[in-house]
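The following paragraphs walk through a structure, one region at a time. Please keep the sequence and the 3D view open while reading.

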Amino acid sequence: MSKESLGGSAAGATRLSVFKTYKLYVGGKFPRSESGRVYEVTDAKGKWLANAPQSSRKDARDAVVAARKAFGGWSGATAYNRGQVLYRVAEMLEGRRDQFVREVADADGLSKSKAAAVVDATVDRWVWYAGWTDKIAQVVGGANPVAGPFFNLSTPEPTGVVTVVAPQESSFLGLVSVVAPVIAAGNTAVVIASEKAPLPALSLGEVLATSDVPGGVVNVLSGNTRELALPLAAHQDVNGIDLAGAGADLAKELEIAAADNLKRVLRPQAVDTDADFAASPGTHRLTAFLETKTVWHPTGSLGASGGSY
Amino acid sequence: MRTTPPTKTDAATAASNAAPPPAKAAPGDFADVTASAATLRRFLHGLPGVDAVGLEARAAALGTRSIKTTAKAYAIDLAISMIDLTTLEGADTAGKVRALGAKAVHPDPTDRTTPRTAAVCVYPDMVATAKEAVAGTDVKVASVATAFPAGRAALDVKLADVRDAVAAGADEIDMVIDRGAFLAGDYMKVYEEIVAVKETSGQARLKVIFETGELSTYDNIRRASWIGMLAGADFIKTSTGKVGVNATPANTLLMLEAVRDFRAQTGVQVGVKPAGGIRTTKDAVKFLVLVNETAGADWLDNHWFRFGASSLLNDLLMQRQKLATGRYSGPDYVTVD
């Protein structure tokens with residue numbers, strides 16, 4: 001063994017395994033579940049990989065508090081700055097490429113080369129959304145021609161705290177495809193990771209923590225999707241919910257719960273499948289959690305009647 | 001410094017931590033203690049030293065109690081009824097004080113079963129405005145006085161401050177002790193100042209603020225508590241809310257022990273008011289557990305226990321809404337201030 005002189009272990013001795021404790025990512029910190037529960041995560045073939053924290057609704061509540069706290073700073077940052085921060089995430093992901101290839105291969109049951117292609121596509125997805133932060137306002141906002149002496153301007157503003165039910169099948173590319181647009185638009189997110197394959201999402205938390213993304217902008221919870229999604233859908237301080245990873249029955253229930261405070265709901269889309277996450281995403285997820293603010297401002301010119309004000 | 005307790009009463013005080021106090025001593029017994037600066041000093045330094053590690057461990061252990069469902073609903077309503085809803089900012093306006101008064105009377109306008117807060121707490125010049133805002137209800141008006149928060153002014157200035165507040169109709173006076181004199185060991189000055197303020201307050205109940213964050217040690221907090229109680233305080237209060245360290249479970253526990261021991265020896269009950277830094281329902285419930293387990297259920301009433309707080313009320317209301325509706329509430333559903 002070449003490691004013997006490095007690790008200090010005696011020649012020929014078997015090295016003890018160092019397992020990773022996967023933890024939640026809430027408010028920039030890595031807590032265990034408040035409930036103390038964990039559940040077993042296996043790979044596609046049923047082999048044990050790790051124990052992931054099984055979050056409770058109190059963890060969900062804490063995550064919303066963290067997301068609300070982070071919203072002012074993140075939505076108030078310039079779009080250009082948000083783009084830089086998101087690009088930094090892509091850089092950090094690139095640096096951890098091997099780790100994610102391994103995790104995605106296990107989680108999604110892919111060969112190493114296919115998993116590598118997925119990770120590359122995921123990094124590219126971050127870069128794609130990073131570029132959109134300071135361009136979306138020109139695309140969906142604008143100066144409106146109105147019949148009066150006014151400048152009339154529409155600008156998009158982020159919705160607020162958004163719950164993201166991440167896709168169950170595409171545990172990494174799918175996850176990033178739904179989370180990145182939410183935060184690129186200036187929202188903050190509470191993400192419920194894929195129930196059976198949460199490890200790439202929990203590792204993404206570690207990447208975000210080292211990428212200049214302020215704590216609380218993205219909060220990652222693992223556990224039973226239904227148990228976490230229901231209180232979040234009913235939560236009065238959540239402004240939107242993306243149902244990408246909710247099955248048809250659960251999606252219906254969540255939509256009913258979300259009606260109470262008129263949350264913006266993005267129903268599961270026809271394109272939310274593994275194959276389609278690889279395709280070019282378009283801007284529909286960016287615009288899903290944007291509100292349009294329109295202002296009327298007097299031009300200051302004299303009116304047609306010659307009167308002034 | 002530990003000296004031999006000079007009188008029988010002092011010995012009883014010293015033993016009160018370890019064993020139940022002996023037969024009730026008359027309050028008059030303490031006349032000896034406050035006879036001179038030397039006797040007061042000897043008495044205060046004869047109080048048993050505080051086991052800091054044990055105190056903090058006890059406070060932390062009591063904080064782990066799980067209070068759920070109906071007990072939690074009871075605790076939330078009790079805590080709301082114990083709040084001194086406070087605004088003590090240089091930027092306070094009459095409008096803000098009126099809004100605060102309206103909030104004290106109807107903390108949650110969407111649910112009229114919500115109990116009222118105990119009082120609103122303002123600066124002396126806002127007392128009249130606050131009185132108007134809560135007129136016709138049982139919500140009291142408390143006023144800070146005596147050159148709050150530093151307390152750095154001459155005694156007659158402090159007393160004029162108190163007279164102003166009382167004349168404007170304050171039901172309760174929150175005074176600060178002279179921490180400079182206390183830390184310099186001039187206990188008699190602190191004592192006499194409290195006595196003078198008590199006299200000037202007349203019918204108004206007097207809360208004595210120690211600013212525990214500035215007293216450095218737990219022993220000092222215990223001594224200050226005794227000075228306050230001997231001088232006739234109706235309430236002893238932890239802090240002004242204007243320094244880094246405010247109410248903590250440990251310093252409140254220590255003061256609860258003091259009022260418990262004082263009543264055991266004199267029959268006089270004194271209230272406790274932790275103030276500053278209590279922001280969540282969870283914290284408030286922890287304090288209520290401390291009260292029940294230390295002083296006893298007699299103190300679980302807003303006549304004897306108060307929270308000095310402002311943002312705490314919103315969190316209590318949000319938790320109350322959660323219990324009523326089953327869904328988590330948010331800051332959009334309570335007032336900003």
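Start with helix α8 of chain A, residues 199-209: 10 of its 11 residues are buried, so the helix is largely enclosed by the rest of the structure. Buried means under 20% relative accessible area, exposed means over 50%, and partly exposed lies in between, with a 1.4 Å probe and protein chains only. Helices (H or I, at least four residues) and strands (E, at least two) are DSSP runs, numbered from the N terminus. The buried residues of α8(A) are L199(A), P200(A), A201(A), L202(A), S203(A), L204(A), G205(A), E206(A), V207(A) and L208(A).

This is a predicted model, in which local features need pLDDT of at least 70 and side-chain atom pairs count only at pLDDT 80 or more, while totals for chains, interfaces and linings use all residues. Residues are numbered from 1 along each chain as its sequence is written, chains are lettered from A and ligands numbered from 1 in the order in which they are written, and side-chain values use heavy atoms, leaving out hydrogens and water.

For chain A, UniProt lists residues 34-266 as "domain: Aldehyde dehydrogenase" in an unreviewed entry; such annotations may be inferred rather than shown by experiment, and the positions are given in the numbering used here, with feature names shortened. This span is 51% helix and 18% strand, and its end C-alpha atoms lie 29 Å apart.

Further along chain A, P281(A) sits in the loop between α11 (274-277) and α12 (284-288). P281(A) counts as buried because its relative accessibility is 19%. Leaving aside neighbours within four places in sequence, P281(A) is in contact (heavy atoms within 4.5 Å) with R125(A), W128(A) and Y129(A). From P281(A) to Y129(A) is 152 residues in sequence, but 9.6 Å in space, C-alpha to C-alpha.

Turn now to chain B. Its mean pLDDT, the predictor's confidence in each residue from 0 to 100, is 91, and 92% of its residues reach 70 or more. Over residues 1-26 of chain B the pLDDT is below 50, and this stretch has 39 contacts in the model beyond near neighbours in sequence.

Chain B also contributes to the lining of the second largest cavity, where α10 (218-230) and α2 (37-46) each supply at least two residues. The largest share of that lining comes from α10(B), with 3 residues. Among the 10 lining residues, L47(B), P48(B), G49(B), D219(B) and R223(B) lie nearest the centre of the second largest cavity.

How values were computed
1 Å grid on protein atoms, 1.4 Å probe; cavity = no way out; pocket = protein on both sides within 12 Å on 5 of 7 lines; lining within 4 Å.
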